[in-house]
Amino acid sequence: MREHTEQMQLPRFLWVPFELGRPFGAPDEPEFQRRVLRSALELLERKDGPVVLEDFPDDAPAYTPSEAEEASWACPIAFHPAAEEHPELVTATLEEMKRLAPWHALYVERRGSAAPGASGLARERVAGLLGELANGEEAPEVETAYAIQEWLRLGCDDLRTWYLEAAQGQPGRGSASELRDWFWRDTAAARLIGSAATALLTHPDRILQVLAGRALVPRDYFPVLMPSSDPSLWETEGASR
Amino acid sequence: MVRLADMSEVERHHLMLKACEPFDARPFAEGAPLSERRVAIVTSAGLHRVADKAFSMVDLSYRVIPGSVEADELTMTHSSVHFDRTGFREDVNLVFPIDRLGELQAEGVIGSVADYHYSVMGAGWLPQQIEPTMRELARLLREDAVDAVCLVPV
C-alpha cells in the first residue's frame, strides 16, 4: 500500500495502482509491463534521496472483449449453481466440477497446460476432505507428507485455481475481480471451503484456527461463507495479509 | 500496490491496522548508470519451481529461480487468499518480469540480467523477521555480480 510505504520511508519505491497479484498491470501487455519495469529501475539513477517515492501514472490496460464476447459477458459463468440443487456440499461440488470439466479442457487446449497442483491431492479428494472437516472430523487421514495446515491451504488453492481456469475456458473473459467474485459468491466449492473453515475455527489445534480465520476465505466473504465468524478476531495477530 | 479505495471496507480496515514502522537506517545508495548494471528480481509472490518445496503458511525461507526458467516450470504457493493467480498463469511476466528484463538488456537500458533470481513468500511475518534471509540473498546476489535489484511485491 502507498500509505504503508510512506510510513516506512523506503529509499526508492514506485507505487502502482494495479490489482493485488498483478504488480506489472496486465498479462500479455509487454509494452505496458516494460514501461512499469523501466520506471522502477530508473529510480536507481535518481540522486535526490534519502526517500524517492514515485507514482506510476496510468491504470493497467483493460481487456477489450470482442463483440461476441461482450454478448456473452453479461452472464460469464452461465451455470445454475449446483449448490442450489444439492443440499450436501461435497456432492454439489463434485457435480459442479463435472459441469466445469469441459470448460477446463478448453482452457488447457488454449493455454497448453493447466497449473500444476501444489498439494499433490486430486481436486475430488480435496472436496471430500473438506467435507470431512466440515462435519467435525479433526484429523482426516491423508496420503501426503504435508502437515494438515499445509495440504489444506494448498488443496483449497488448487481447487480454486482449477475453477478459475475452467471459467477462463468459457467465452468471454472476466476481470480478476469478476472471476474472484464468481468463485466466492456463486460456487458450491466456495461454500464447502467456508463450511470447513467455520468448523476449524473451534478446532483444538490453534494453527488450524488461525488458518481458518486468515487464509482459507477472503475477509469480505466471511459474512456469506463463515457467518458465525467475526473477522476482527483475526486482525491483530501478526502481519498476515 | 493497489489503491486502498479499490478494496472492500473490511480489507481496507485490516490493512490500515498494520504497524509499518520506519526503518532505523536510510540506506540510499548510488551506483553505476543503469546501462551498466546487472539486474536481478527478488519477488515476494511465493513463486518457485514446481519441483521445489512449497512455501508454508508462515515461511522465512527463499527459493532460487534460474533466469533460464520456463514459465510452465513455475508455481505460486503464497498463503494469501486475497488475490487471484490466473494472471500469473496467463503471463508469468505479470509478477516476474523476466522476459521484460531480457528486452531491456537487448535495448541497452540495463547492462545484463542476473543468472539467478529469488523468491520469498511475503505474508505472515514482520519485516525485521525476514532480515537474516535478505542478508543471505544480498550475499548470493553479490556473488553473481548483481548491483541492481528489482523488489517485486504481489
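**Notes on a predicted two-chain model**

1. Let's start in a loop: A:Q9 sits between α1 (2–8) and β1 (12–15) of chain A. Keep in mind as you look around that this is a predicted model. A:Q9 is not a glycine, yet its phi is positive, at about 60 degrees. Most residues other than glycine have a negative phi.

2. Move on to A:D28, in the loop between β1 and α2 of chain A. A:D28 also has a positive phi, about 55 degrees, without being a glycine. Its 13 C-beta neighbours inside 10 Å make A:D28 partly exposed.

3. One more loop is worth a visit. A:P50 lies between α2 (30–41) and β2 (52–55) of chain A. The peptide bond that joins A:G49 to A:P50 is cis, with omega about 10 degrees. Most peptide bonds are trans.

4. Now step back to see chain A as a whole. It has 10 helices and two strands, and along the sequence they come in the order α-β-α-β-α-α-α-α-α-α-α-α. Of the 241 residues in chain A, 44% are buried. Among contacts between residues at least 6 apart in sequence, 69% join residues at least 24 apart.

5. Look next at α6(A). Its 22 residues should span 32 Å at 1.5 Å a residue, and this agrees with the 31 Å between its end C-alpha atoms. Why is α6(A) described as largely enclosed by the rest of the structure? Because 21 of its 22 residues are buried.

6. Helix α9 of chain A covers residues 206–214, and its buried residues are A:L208, A:V210, A:L211, A:A212, A:G213 and A:R214. What covers them? The cover includes α6 (148–169) and α8 (188–200) of chain A.

7. Finally, see where the two chains meet: 60 residues of chain B are in contact with 59 residues of chain A. On the side of chain B that touches chain A, α1 (9–16), α2 (86–90), α3 (98–106) and β7 (148–152) of chain B each supply at least two residues. The largest share, five residues, comes from α2(B). By class, this side of chain B has 34 nonpolar, 13 polar and 13 charged residues.

Terms used: Residues numbered from 1 in each chain as written. Chains lettered and ligands numbered in written order. Predicted model: local features only at pLDDT ≥ 70, side-chain atom pairs only at ≥ 80, totals over all residues. Helix = DSSP H or I, 4+ residues; strand = E, 2+ residues; numbered from the N terminus. Buried ≥ 20, exposed ≤ 12 C-beta atoms within 10 Å, placed from the backbone. Contact = placed C-beta atoms within 7 Å. Nonpolar A, V, L, I, M, F, W, Y, C, P; charged D, E, K, R; others polar. Expected span 1.5 Å × (residues − 1).
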